[in-house]
Amino acid sequence: MNLLQIQTTLGQTEPVSVIMFFLFVAITLYITYWAAKKTRTTSEFYAAGRSITGFQNGLALAGDYMSAASFLGIAGMVAMKGYDGLIYSIGFLVGWPIITFLIAEPLRNLGKYTFADVLAYRLNQKPIRIAASIGTLLTITFYLIAQMVGAGSLIKTLFPFLSYEIAVIIVGCVMIAYVLFGGMLATTWVQIIKAVLLLGGATILVIMTLLEFGFSPVELFNQAAEKYTDTVLSAGSYVSNPFDAVSLGLALMLGTAGLPHILMRFYTVPDAKAARTSVFIATGFIGYFYILTFIIGFGAMVLVGQENIGTFDKGGNMAALLLSENVGGSIFLGFIAAVAFATILAVVAGLTLSGATAISHDLYVNVFKKGKSDEAGEVKVAKRATLALGIFAILLGLIFKGQNVAFMVGLAFAIAASANFPSLLLSILWKGLTTKGTTASIVVGAFSAILLIILSPTIMVDILKYETAIFPLKNPAMISIPASFLTAWIVSLGSRESEAEAKFEREKLRSYLGVGAE
Amino acid sequence: MKSTEEIHQILETSAFKKIVSLRWLVCLSLTALMLVVYLGFIFAVAFAKDFLAIKIGLHVNIGLVLGVGIIVFTWLLTGIYVYWANNHYDKMIREIKKQC
């Protein structure tokens, strides 16, 4: 094996990936056409008419969650840093049991289309909906920036005949088509197809990699340790500061349980039992996926070599693609590249739909129209919001071209964990939660997360190049989550609502027995 | 369907209250277990590096097994809850619903 230079077609136009990609777009647009005929009412547009089964929703949840960033990014991190990549990926998995135990079933029983439905169930509609929309839209915006910029850069590498700008516009337009015409039904099937392609592609990649090692992961780890010493098999710089690791860990864990596009998926199934099944299925697939990326990362480390991966991208983002070419040739590289592109499309579609729902269902209908709106009018507004958010996403991709946006995923999770999760959990569990308490908790959670990340080394040192940062932690969650809970508690104690407390008793019928759940 | 007054009385029964508190006992215990295992893992990685580096094969060490183990554990824990909810919790809920 040549250590210093490798032959690769990466960066050249590979016909297979172009054909594969167009095939994916053609099939998904055909599904959108089919879904469009079944997407007339609000329940159909936002929640696929609650017709998705638990298993299907499990796959769709996994599809929504496994972004190209986690496939290429985590495999790359493992390839360059070894064990640290595994610690990082575990953080993305441990939020799923929390959703299962605390959130999924009450959310499904109490809400209709958004998590704000749960909060507004016994509290004062207007302030709650406005605050929850702020939490939702901030989370979605930062997540979208990371995805769109990632999409543009990735596609430029995979399909060199496209410029960054054209790539961002194509992703934006195809995604708008899915959501605008096919609503949640089309989005769900795009997620399912993408999840199957990604899990299938990664599985084949792992099998082909392990064939080189007598089908033994242990042999793979042994060769990695012999090539790059035992340090790749133990923790490195990732936990140089344990508080950083815990803060990021909390953001990932509790943020998962506050991601609006994930929470919204629980409304697509018929009842709480199906919601429960779907998280179990999703957790299994996502866990399996992280084990695959771990092996893919080590495979790339040994077979391609860290030196070679580093010449393409310092963060190692091309590791999985280089490995696929190494074990399966340029045709397999084309296949994996197309899967990565499909992955981005599916994730941005899910994000846009949940943002559009917050705008139309929470803001337009329940704040602007005070709950009085007809079906046709609401669907029309939801579609306009989709179009506007889709164009907004394209603009974000163009504005942030070439910027370091890696921290924005961490920020999106921190906002979800500090603004959305505390209020949702408290509204399910605590009788004494009030309108003012919830509103204050969301606002404090969201803005303390943003303020602290601006003052953190993530932005002050890494981006603005100051010597030191005012706030010591790279991720704000360790401070902003407790701040949000504390705000909810103190403000609620100072503003008791007897009506909300009475309703809490009554909502038990719906929250536990599912009576009256939509 | 009975009147809201009567349904309210059912919600006041000790049987219903017992189910609700059992549900949260199970859910919060499992949540605490997940938190302890995950944060314990992070702290082990930070403060017990030597322990995790103990080799159990030629190069494979305890940390590697523990890391992959947590992924499997996460899924199993979710499975335990789903099994309990499908087989026990739902049954108790159905009993209560019959009275409504």
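Mentor: Start with T229(A), which sits in the loop between helix 10 (217–228) and helix 11 (242–256) of chain A. Helices here are DSSP runs of H or I with at least four residues, strands are runs of E with at least two, and both are numbered from the N terminus. The model is predicted: local features need pLDDT of at least 70 and side-chain atom pairs count only at pLDDT 80 or more, while totals for chains, interfaces and linings use all residues. Residues are numbered from 1 along each chain as its sequence is written, and chains are lettered from A and ligands numbered from 1 in the order in which they are written.

T229(A) is not a glycine, yet its phi is positive, at about 65°. Is T229(A) buried or exposed? T229(A) counts as exposed because it has 11 C-beta neighbours inside 10 Å. (Buried means 20 or more other C-beta atoms within 10 Å of the residue's own, exposed means 12 or fewer, and partly exposed is in between; the C-beta atoms are placed from the backbone.)

A48(A) has a positive phi of about 50° and is not a glycine. Its loop runs between helix 2 (42–47) and helix 3 (54–65) of chain A. A48(A) has 27 C-beta neighbours inside 10 Å and therefore counts as buried.

The contact between the chains takes 42 residues from chain A and 41 residues from chain B, where contact means C-beta atoms, placed from the backbone, within 7 Å. (Ala, Val, Leu, Ile, Met, Phe, Trp, Tyr, Cys and Pro count as nonpolar, Asp, Glu, Lys and Arg as charged, and the others, Gly among them, as polar.)

Two elements from that list also pack on each other. Helix 6 (residues 95–110) and helix 13 (residues 272–303) of chain A meet at an angle of about 155°, with their axes 9 Å apart. Axes are lines fitted to C-alpha atoms, for helices over the stretch in contact, and angles run from 0 to 180 degrees between N-to-C directions. The pair is therefore roughly antiparallel. (Under 35 degrees is roughly parallel, over 145 roughly antiparallel, 65 to 115 roughly perpendicular, and the rest oblique.) Helix 6 of chain A brings residues including W96(A), I99(A) and R108(A) to the contact, and helix 13 of chain A brings residues including V279(A), F280(A) and I286(A). By class, this contact has ten nonpolar, three polar and three charged residues.

Helix 21 of chain A, another element on the list, holds E507(A). E507(A) counts as buried because it has 20 C-beta neighbours inside 10 Å. Leaving out residues up to four places away in sequence, E507(A) touches L110(A), Y121(A) and R122(A). I428(A) is 79 residues from E507(A) in sequence, but the two are 9.7 Å apart in space, C-alpha to C-alpha.

Now the core. The largest nonpolar core has 220 residues, of which A300(A) and V348(A) touch the most other members. (A nonpolar core is a set of buried Ala, Val, Leu, Ile, Met, Phe, Trp, Tyr and Cys residues joined through C-beta atoms within 7 Å.) Helix 15 (residues 319–368) of chain A gives the most to this core, with 30 residues.

Helix 15 of chain A also crosses helix 16 of chain A at roughly 130°, and their axes come within 8 Å. That angle makes helix 15 oblique to helix 16. V348(A) and Y364(A) are among the residues of helix 15 in this contact, and A393(A) is among those of helix 16. The contact has ten nonpolar, six polar and one charged residues.

Methods
Contact = placed C-beta atoms within 7 Å.
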